[in-house]
Amino acid sequence: MISPGVVVTGLGVVTAAGVGVEAAWPRVCAGLPAAARDPALAGLPVDISCTVPEFDAKELVGPRSPLTHDRFVQLALVAAREAVADSGLEPTSWDGARVGVVVGSALGGVSTWERQHQRLLAGGARTVSPLLIPMMMHNMVAGHVAMEFGARGPNLVTATACASGATAVGTAFEMVRDGRCDVAITGGADAAVTPLTVAAFAKMGVLSRRLSEPRAASRPFDVGRDGFVIGEGSGFLVLEREADARARDAKIWGKMAGYGATADAYHMTTPDPAGAAVLDALDMALGAAGLMPDEVDYVNAHGTSTEVNDLTEARAIARALGNDVAVSSTKGVTGHALGAAGAIEAVFAVLAVRTGTIPPTANLECRDPAVELDIVANSARRHRVDVAVSNSFGFGGQNAVLAFTS
Amino acid sequence: MTAKYDAFVDLLVDRFNIERAIIKPDTTFADLDIDSLFLVELILVAEHEFGVTIGEDALYPTDTVVKAARVIEDELAGSTS
């Protein structure tokens, strides 16, 4: 039996590179890094981040939202609204029971958790907000998206660390393909740029220490890279079966063609240097899409700008797809938005297919000689993209690969 | 009107982003879309603002704005007597 095709009919992003596709995509294509010194992190060993500029939650989400929604939910709602509006679907009249929501988040409402813990220490238990739990739980982001749009179908949150957003989009793809819902609102969100989180990541040694040149700090695949820059944001897509989208004459950004998911089963934080599970995930995504490796035109890499990720991933891409495929990491611009990254980069992969523009890897001055790939560096490349693949990997060893076609 | 009514309305407007025009003395918290959890948070803020201990069970979503102001006044009077 041939599976029904699934298409992308709506896109939305909130990133350090801008709020909304129209703001973020040109900046990503221009390769302009968003990283900056962050006053909220002053005094920590690492004080650079990629935060969403001028995000006024009262205006963008709702006047009371700062008191009731953790920032990761605020960012998600703005991106989800953009994606749903972009789809042309009408939430006031759709059959909500057939609309599913799948959202990924690595760290959920940690900023709320951290603030309330400070209240506990300073003022005792009676000063702790009763809204702490409903604000910080990971699943609340999918709950809020459902409430926003009356989406009463399957509803869940995926937690696969920095692959969470990609896992969500892949899971939503399968739900739509398999008929468990007709429409999926799917994405990822994280807003974990807090002193405690950054102190912990710094202690792990995974953050760039290029503090005097923050804009040059996130430099995936460059020989001088020394870690990632923590970011925040959200990306959302609306998925539907192709026949449904064509029947309502929807604008179609591209097709979602395949999803691969595997685990390294190797180590808490270090990827398996052999990359076998990454290869399997790539094979699985292409197999689901019915594609051959040499048909892939563009890989939006996980490309965190840590040595261990970039080298392992580069080897896996070369083995699975060959050395000639065009590869870039948009984290040079956006930083690493953790569980949101896979969804944000899924949006960029779809845009690459739709526009024939491969966004560049910012700050790539000298490609690491161990990275034997065609890395698109510093300025966008105009090239027809019929097949784009987006990789995401998480601490814990989870791997998620998404495949999109024209 | 009670002595703390205006100050309590200011708190609702300034700290909870509620439109001043929709707040009347007999408006209930439920009318302002303040549910039981949100009301507990509001009580915490009011306790801090007015330097009193109100307690989580002193007010319910069905109570009015003027009742909340009276509870605060009673607590202030009690704490100084």
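Reader: What relative accessibility does Arg37(A) have, and how does it count?

Author: Arg37(A) has 46% relative accessibility, so this residue counts as partly exposed. The cut-offs are these: buried is under 20% relative accessible area, exposed is over 50%, and partly exposed lies in between, using a 1.4 Å probe and protein chains only. A note on what you are viewing: this is a predicted model, where local features need pLDDT of at least 70, side-chain atom pairs count only at pLDDT 80 or more, and totals for chains, interfaces and linings use all residues. Residues are numbered from 1 along each chain as its sequence is written, chains are lettered from A and ligands numbered from 1 in the order written, and side-chain values use heavy atoms, without hydrogens and water.

Reader: With which residue does Arg37(A) form a salt bridge?

Author: First the idea. Side chains of opposite charge can pair when their charged atoms come close. The rule used here is a side-chain nitrogen of Lys or Arg within 4 Å of a carboxyl oxygen of Asp or Glu. Arg37(A) pairs with Asp47(A), and their closest N and O atoms are 2.8 Å apart. Arg37(A) lies in strand β3 (residues 36-37) of chain A, and Asp47(A) in the loop between β3 and β4 (48-49) of that chain, so the pair ties together parts 10 residues apart in sequence. Helices (H or I, at least four residues) and strands (E, at least two) are DSSP runs, numbered from the N terminus.

Reader: Which residues are linked in a network of salt bridges?

Author: Arg98(A), Asp182(A), Arg241(A) and Asp244(A) are linked this way. In the pair Asp244(A) and Arg241(A), the closest N and O atoms are 3.6 Å apart. Asp244(A) is partly exposed, at 33%. Arg241(A) is buried, at 13%.

Reader: On to strands. How many residues of β7(A) are buried?

Author: Strand β7 (residues 183-190) of chain A has 8 of its 8 residues buried. In a regular strand the side chains alternate between the two faces of the sheet. In β7(A) both faces are covered. One side holds Val183(A), Ile185(A), Gly187(A) and Ala189(A). The other holds Ala184(A), Thr186(A), Gly188(A) and Asp190(A).

Reader: In which sense do β5 and β7(A) pair, parallel or antiparallel?

Author: Two strands pair if DSSP finds at least two bridges between them. Strand β5 (residues 99-104) of chain A and β7(A) pair in the parallel sense, over 6 bridges. Strand β8 (residues 233-241) of chain A pairs with β7(A) in the antiparallel sense, over 8 bridges. Phe236(A) in β8(A) stands opposite Gly187(A).

Reader: Now helices. What span should α11 have?

Author: The expected span is 1.5 Å times one less than the number of residues. Helix α11 (residues 276-289) of chain A has 14 residues and should span 20 Å; its end C-alpha atoms are 20 Å apart, which agrees. Its buried residues include Ala277(A), Leu279(A) and Leu286(A). The buried residues of α11(A) pack against β9 (254-263), α12 (307-321), β15 (387-393) and β16 (398-405) of chain A. Just after α11(A), Gly290(A) takes a positive phi of about 70°.

Reader: How many residues of α14(A) are buried?

Author: In α14(A), 13 of 15 are buried. Helix α14 (residues 341-355) of chain A reaches 21 Å from first C-alpha to last, close to the 21 Å expected. Gly356(A) follows α14(A) with a positive phi, near 65°.

Reader: Which residues does Pro195(A) contact, leaving aside neighbours within four places in sequence?

Author: Contact means heavy atoms within 4.5 Å. Pro195(A) touches Ala40(A), Leu41(A), Leu44(A) and Glu114(A) by that rule. Pro195(A) is found in helix α9 (residues 195-204) of chain A, and is partly exposed at 37%.
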